[in-house]
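Today I look up chain-level totals first, then the helices.

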Amino acid sequence: MKSKLLTALILGCVFTGLGNSTANAQEGKFALGGYLDWTFTAYEAGVKPSSFNAFHYNPIFLYQVEDNILASAELEFENGGDEIVVEYMQLDYIWNDYVTFTLGKFLVPFGAYNRRLHPTWIARVPGKPLSNIDVVPTGWAEVGLMASGAVGLGENGARVNYSFYVSNGLEGAAGDGIRELRKEGDPREMNNSSKAVGGRLGIVPTAGVEFGVSGYTGKYDAVATPVLNLNMVGVDGEYHYQDLFELRGELNQADQEITPGQYVIKRGYYAQAALKLSITDNDLLMPFELAVRVSGQNFTGVADDIHEVTPTINYYFGSTTVLRLGYSFNGASQGATAYKKVDNQFVAMFAKGL
Amino acid sequence: MRLAKTSLGRAIIGAIVVVSLFGVTAAFSGEMDGARVFRNNCTKCHNERSPMEKTDKEWRVVVTHMRTIALLTAKESRAVLKYLQANNRD
């Protein structure tokens with residue numbers, strides 16, 4: 001852990017040093033990004049202790065090596081430094097107007113949440129949707145090769161976009177939870193040398209609307225000649241009215257082979273709406289946003305179905321500085337019968353995009 | 001190679017070829033309105049980032065980054081970069 005911290009510090013210092021030096025051929029090729037957040041979580045019935053958390057400090061280092069080559073890395077300090085990992089480190093090579101190759105460890109473009117929305121200054125509701133924890137993982141990076149790009153379809157912002165990749169793939173023991181199959185540290189193959197393939201095809205029919213379909217297939221059991229399949233499919237969609245209102249969601253399904261020939265089907269959904277009160281033109285209400293997320297997961301009888309509704313009030317101190325107050329109403333039902341209440345949860349989160 | 005033998009592998013390679021060809025043959029018509037590209041795209045995932053936040057050079061790097069995340073077209077990326085650079089302090 002110490003050596004990781006040291007590497008991180010050196011990287012940070014070298015990077016900011018280079019970024020600031022003026023009499024240098026590298027000048028103007030760097031930019032920094034990232035985010036930072038703080039949370040306070042309390043449970044209604046006290047299933048877990050209430051707690052403050054220095055949840056994330058994730059600096060992102062961007063280095064534009066050449067006009068068409070970008071090197072980027074996100075360093076994640078999570079839970080007060082208990083976890084320090086490289087979230088992604090990749091090189092994007094813009095081959096031509098329509099094809100960019102990505103080499104390295106990249107966030108997987110499955111749906112919109114994992115690649116585009118999960119940073120806490122971006123996601124409008126605290127916590128992850130249930131479709132994006134144990135059905136399709138979040139903070140899911142793969143090492144491999146990706147081709148992506150977009151083609152415009154006229155002047156009103158319509159386009160199609162695509163990302164296809166081949167990667168080492170998720171790996172773990174037979175029947176492990178899907179989130180546990182991510183390779184958070186060393187992204188190389190551990191035992192299983194089979195490769196996974198996947199991709200997403202997105203359509204922007206008109207500005208402010210996007211639909212996507214995603215797929216992933218690979219063998220996940222951690223043995224030299226793996227046999228257990230893990231297939232995932234998903235659809236995502238979003239609608240925006242200017243920057244004042246948005247509606248978005250994802251439907252995901254994972255078919256996980258537990259023993260040869262025997263599959264568990266895991267399904268998840270989420271839908272989220274957010275409305276900025278600046279729509280009212282009232283000075284007092286201007287910095288507020290109301291958001292609500294509904295999400296659920298259904299493991300087709302293998303585990304309880306769970307669902308949540310999280311209304312959230314966001315107060316923006318600036319466009320990337322926000323206090324979120326969310327209350328999750330959590331529930332569970334076994335199959336279609338018994339319903340049981342799961343502990344509700346209050347989260348206060350302060351997030352800053354860098 | 002094993003990948004090329006699977007039907008999914010073939011579909012992926014096929015899709016890349018089709019999209020590349022489509023791209024190459026797509027007509028390259030006049031300039032795009034960078035302000036419109038900004039309005040249409042830059043608040044889709046996160047709140048608006050002010051053009052004032054970054055220098056011309058930093059915007060060049062960040063727009064390349066956003067191009068890869070948001071999958072903007074090359075034309076959109078060039079137009080929005082011009083807009084951002086024309087509306088900051090630099």
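My entries on chain B follow.

Ground rules: I have a predicted model, where local features need pLDDT of at least 70, side-chain atom pairs count only at pLDDT 80 or more, and totals for chains, interfaces and linings use all residues. Residues are numbered from 1 along each chain as its sequence is written, chains are lettered from A and ligands numbered from 1 in the order written, and side-chain values use heavy atoms, leaving out hydrogens and water.

Overview. I found five helices and zero strands in chain B, with helices taken as DSSP runs of H or I, at least four residues, and strands as runs of E, at least two. Of its 90 residues, 43% count as buried, meaning under 20% relative accessible area with a 1.4 Å probe, protein chains only.

Helix α4(B). I checked the length of this helix, residues 56-70: at 1.5 Å a residue, its 15 residues should span 21 Å, and the end C-alpha atoms sit 20 Å apart, which agrees. The expected span is 1.5 Å times one less than the number of residues. Its buried residues include W59(B), V63(B), R67(B) and I69(B). Just past the helix, L71(B) has a positive phi of about 50°.

α3(B) against α5(B). How do the axes of α3(B) and α5(B) cross? They cross at roughly 105° and come within 7 Å, so I noted the pair as roughly perpendicular, the label for 65 to 115 degrees. In the contact (heavy atoms within 4.5 Å), α3(B) brings G34(B), A35(B), V37(B) and F38(B), and α5(B) brings E76(B), A79(B), V80(B), Y83(B) and L84(B).

Key
Buried < 20%, exposed > 50% of the residue type's maximum accessible area, 1.4 Å probe, protein only. Axes fitted to C-alpha atoms, helices over the stretch in contact; angles between N-to-C directions. Parallel < 35°, antiparallel > 145°, perpendicular 65-115°, else oblique.
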